[in-house]
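Me: I would like to learn how to read pockets and ligand contacts in a protein model. Can we go through one together?

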Amino acid sequence: MLVVIKQDYDEMSKEAALLVADLIHRKPNCVLGFATGSTPLGLYQELIRMYREEGLDFSKVTTFNLDEYVGLPPEHPQSYHYFMWENLFKHINVDRRYVHIPHGMAVDVEEFCEWYEERIKQAGGIDLQILGIGANGHIAFNEPGSSLGSRTRIKTLDEFTKRDNARFFENQEEVPKYTITMGVGTIMDAKSLLLLASGNSKADAIHATVEGPITALYPATIVQMHRKATIICDEEAASKLSRKYSGYLS
Ligand code: GLP
């Protein structure tokens, strides 16, 4: 695992964008896994800038998003569909036929989840999966206690995450109870991982993820087992690491 510590959020976002752009240059038809949350917004801004100013070409890229709230239609402002189109996809030349986001209104959720897994396989697997991290150690919506071998499925949101994500809704009651999320096993199948974390609120999570024991109670810790995982974080998020120098391999 490569841990890269940058000075602040902007530097973290730019470093992450260079890594994504490098993959697109090397493999224009690559498969990218995208994440939501506030952390990757700076990365998405930088990718949009690269598209506009440097001609970074997304036209052959296939995308898969990590998760979506069950019960929110794509046009709902808090849905992850809406988030991705507003914050990235509508600003770049991605081909909408190649965009995949779990469908929060799927009639048969189980069938949908199987289809999603199958689509990832048909696309040749995810080349690079971008991840944020919940302060409770979740990745995507794999909450504490999630099976480390899990596949795309429906999950109940943790009370902690509901409180955390209530800031995006009118009140906590409006936060959906269920989500469709790639499983921990699905994420681990990606050929490479890029986990981003910024700010003091993520310091404990980064400490556990990099230096703690691997446990389903902290799903992000499984990243230690991945053959090609990069964590890019800022100094605040890295502040609780005991071995702290930028660009170290563990
Ligand atoms: C949500 C998403 C995660 C994300 C997390 C952290 O729960 N499902 O994929 O990593 O939020 O969000 P933020 O980056 O806003 O802290």
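Me: Which pocket does the space taken by the ligand correspond to?

Reply: Keep in mind that this is a predicted model. Rolling a probe the size of a water molecule over the atoms shows where empty space is left. In this structure, the ligand takes up the space of the largest pocket.

Me: What volume does the largest pocket have?

Reply: The space in the largest pocket comes to about 590 Å³.

Me: How many residues line the largest pocket, and which lie nearest its centre?

Reply: Its lining is made of 32 residues. Nearest the centre of the largest pocket are Thr 36, Gly 37, Ser 38, Arg 167 and Phe 168. Strand 4 (67–69), helix 3 (80–87) and helix 5 (159–165) are the elements that give two or more residues to this lining.

Me: How does the lining of the largest pocket divide by class?

Reply: There are 16 nonpolar, 12 polar and 4 charged residues in the lining of the largest pocket.

Me: Which atom of His 138 lies 3.0 Å from an oxygen atom of the ligand?

Reply: That is a polar side-chain atom of His 138. With Ile 133, a backbone N or O atom lies 3.2 Å from an oxygen atom of the ligand. Ala 140 also has a backbone N or O atom 3.2 Å from the ligand, but the ligand atom there is a nitrogen.

Me: How much of the accessible area of the ligand does the protein cover?

Reply: On its own, the ligand has 390 Å² of accessible area, and the protein covers 96% of that.

Me: What is the volume of the second largest pocket, and which element gives the largest share of its lining?

Reply: The second largest pocket has a volume of about 200 Å³. Helix 1 gives the largest share of its lining, with 4 residues. Helix 1 (9–26) and strand 9 (192–197) each supply at least two residues of that lining. Among the lining residues of the second largest pocket are Leu 19, Asp 22, Lys 191 and Thr 230.

Me: How do the residues of that lining divide by class?

Reply: The lining of the second largest pocket has 4 nonpolar, 2 polar and 5 charged residues.

Methods:
Residues numbered from 1 in each chain as written. Predicted model: local features only at pLDDT ≥ 70, side-chain atom pairs only at ≥ 80, totals over all residues. Heavy atoms only, no water. Polar contact = N/O pair within 3.5 Å; in protein donor to acceptor, adjacent residues only side chain to side chain. Areas by Shrake-Rupley, 256 points an atom, 1.4 Å probe, with all protein chains shown as cover. 1 Å grid on protein atoms, 1.4 Å probe; cavity = no way out; pocket = protein on both sides within 12 Å on 5 of 7 lines; lining within 4 Å. Sits in = over half its atoms within 2 Å of the grid points. Points joined across faces, edges and corners; volume = space filled by probe spheres on them. Nonpolar A, V, L, I, M, F, W, Y, C, P; charged D, E, K, R; others polar.
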